[in-house]
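Please look over the model below before reading my points. They are meant for someone new to protein structures.

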2 protein chains.
Amino acid sequence: MSRRTADVPALVAAARDGQPRAVARLISLVEDASPALREVMATLAPYTGTAHIIGITGSPGVGKSTSTNAVVRAYRARGLRVGVLAVDPSSPFSGGALLGDRVRMQDHALDPEVYIRSMASRGHLGGLSWSTPQALRVLDAAGCQVILVETVGVGQSEVEIAGLADTTIVLLAPGMGDGIQAAKAGILEIGDVFVVNKADRDGADATVRDLRHMISLGEAGGTGAWRPPVVKTVASVGQGVEDVMAALDQHVDWLTTSGTLRSRRENRATEEIHAIALAAWRSRMEGVGSGQAIAELAAAVVDGTTDPYTAADQLMGALS
Amino acid sequence: MSRRTADVPALVAAARDGQPRAVARLISLVEDASPALREVMATLAPYTGTAHIIGITGSPGVGKSTSTNAVVRAYRARGLRVGVLAVDPSSPFSGGALLGDRVRMQDHALDPEVYIRSMASRGHLGGLSWSTPQALRVLDAAGCQVILVETVGVGQSEVEIAGLADTTIVLLAPGMGDGIQAAKAGILEIGDVFVVNKADRDGADATVRDLRHMISLGEAGGTGAWRPPVVKTVASVGQGVEDVMAALDQHVDWLTTSGTLRSRRENRATEEIHAIALAAWRSRMEGVGSGQAIAELAAAVVDGTTDPYTAADQLMGALS
């Protein structure tokens, strides 16, 4: 009930003023697909577009939380407001409100200039929540200059995170497999910066060498192309974090001067508009004749009295 | 050119007559999204719906090809016509026509009652090709009484395969991790029959026990619900294959008597009709103003002069 009557302009003003509870409330509104969702998005729009969105992905055990913490600390040392969105596609729980936010990142729990939010994926296994881009917009409009989106590399999620981020960090650890494994998992294509964490362990140099080799094989070449650096860290003791920051700074410079930042964001907006429109078409199709139309067409396909293409034509015709 | 002039009714008649070249040609037509695709699907429709579609999925190294071979052999011993669709989501190549089909399954390469086809996924990493369901329809109409769809368990593909199949076999091997790993990977929900292959290795009984325990935790219970069996095999020597066949037979019986076969197929047809219609909407949206409309809307979202929901409304309005 209180959600229906949310005073969206007041909430947005409070969020921009740096009030964490207003930010949390807005994220809840978009995450719950509340009736206010569209008003929230329309009200936020003029304030979006300034945050540098950094995706961090990697297999379980490579040290994602530790690395995220270290990068947050480094941006905080520069005086920037930082948002952290931790997306756990394997969690059946949403919001993470009970434990997640505070337990995950105790170092920054009391810092009012760091917003931390855990989100679970909903609806599609292995993928990011459909509300992740909307939550990013909330943090962006709330004045976060940097937003880190952390997700475990499971299935599609690492590819999806690359679609959401301006810069994608792929984390690996020695002994997690060689470059060929990385190539098979599809992570070579998505990484803008590769970090081999736990570099005090055996095999770190071999992992770095393998990665560099695989990256060089996949390079498009050409002047002005981005060549993803491979950085070694021991995030737990802060070692190498300055190299990660330097790589991130260089990538931002390159994104801006090459025009890639703009084109990536336009591609992302295109995908998002399409996804929203397709969800709306789908909901309309399911609603034709209160769902009777699609049920009858599906039965006809199973019976062999029609085929799925003809059935799709009929369903679309019923909407025009 | 020859594709445009394909004599679809003659090809379908030849395929139903058991001519492998006609089957191969029809699959190529649907795989290439040729102009004849719709005619092929419409012509095939009356002959579909008889095949039992069995999905086989599992991580690399569990012995999928060997197990598929063993199951094919068992169905051939019953005198059934068998189709095999090997989907490799990690392969950038399509069709597999050069090597794949013959190399994969040498045991059955010369058997005219076994159709073997390799397909690569297209367009979406980790997922099945959009043309997989159409290829299944071709094999179904060509008189295959059983069709095995084999895919490596990468990301989404194992979930998608479960959506395509009447019965899904999940293959595991000892030491591939315990039941909790399986639960995390989401495979407990999709398996109708679990097979622990390489059961002569250490830890097979522990894997079986873990799996049974995890399955029992997830059971909906209730009379008449299917309880996924866990079977041990050493597929390379044929050991345990008769137990797999018994489990498959029981599942077919249950599917039929419980009405689940019909409802699964109707759900599948619904998804397929929706997917085809959504692809058509998407292509229409991309075509509005020769793509200028979406480009301008995406730019406006990036500039913050509109939000993605309002942009989606405008794009949809332009189509009505």
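A residue is called buried if 20 or more other C-beta atoms lie within 10 Å of its own, exposed if 12 or fewer do, and partly exposed in between, with C-beta atoms placed from the backbone. Helices (H or I, at least four residues) and strands (E, at least two) are DSSP runs, numbered from the N terminus.

This is a predicted model, in which local features need pLDDT of at least 70, side-chain atom pairs count only at pLDDT 80 or more, and totals for chains, interfaces and linings use all residues. Residues are numbered from 1 along each chain as its sequence is written, while chains are lettered from A and ligands numbered from 1 in the order in which they are written.

1. Strand β6 of chain B, residues 193-196. Val193(B) and Val195(B) point one way from the strand, Phe194(B) and Val196(B) point the other way, and all are buried. In a regular strand the side chains alternate between the two faces of the sheet.

2. Neighbours of β6(B). Two strands pair if DSSP finds at least two bridges between them. Strand β5 of chain B (residues 167-172) runs parallel to β6(B), and four bridges join them. Strand β7 of chain B (residues 230-232) also pairs with β6(B) in the parallel sense, over three bridges. Val195(B) is the bridge partner of Leu171(B), and Val231(B) in β7(B) is the bridge partner of Val195(B).

3. Lys198(B) is found in the loop between β6 and α10 (204-218) of chain B. Its phi is positive, about 55 degrees, although Lys198(B) is not a glycine. Why does Lys198(B) count as buried? Because 24 other C-beta atoms lie within 10 Å of Lys198(B).

4. The lysine in chain A. Lys198(A) lies in the loop between β6 (193-196) and α10 (204-218) of chain A. Phi of Lys198(A) is near 55 degrees, a positive value in a residue other than glycine. Lys198(A) counts as buried because it has 24 C-beta neighbours inside 10 Å.

5. Ala86(B) belongs to strand β2 (residues 82-88) of chain B. Ala86(B) has 24 C-beta neighbours inside 10 Å and therefore counts as buried. Gly55(B) is 31 residues from Ala86(B) in sequence, and their C-alpha atoms are 10.0 Å apart.

6. Chain A as a whole. Chain A has 14 helices and seven strands. Of its 320 residues, 48% count as buried. Two residues are in contact if their C-beta atoms, placed from the backbone, lie within 7 Å. Among contacts in chain A with a separation of 6 or more, 74% join residues 24 or more positions apart.

7. Where the chains meet. In chain A, 47 residues are in contact with 47 residues of chain B. On the chain A side, the elements that give two or more residues are α3 (37-44), α12 (260-287), α13 (292-303) and α14 (308-319). The largest share, 15 residues, comes from α12(A). By class, this side of chain A has 27 nonpolar, twelve polar and eight charged residues. Here Ala, Val, Leu, Ile, Met, Phe, Trp, Tyr, Cys and Pro count as nonpolar, Asp, Glu, Lys and Arg as charged, and the others, Gly among them, as polar.
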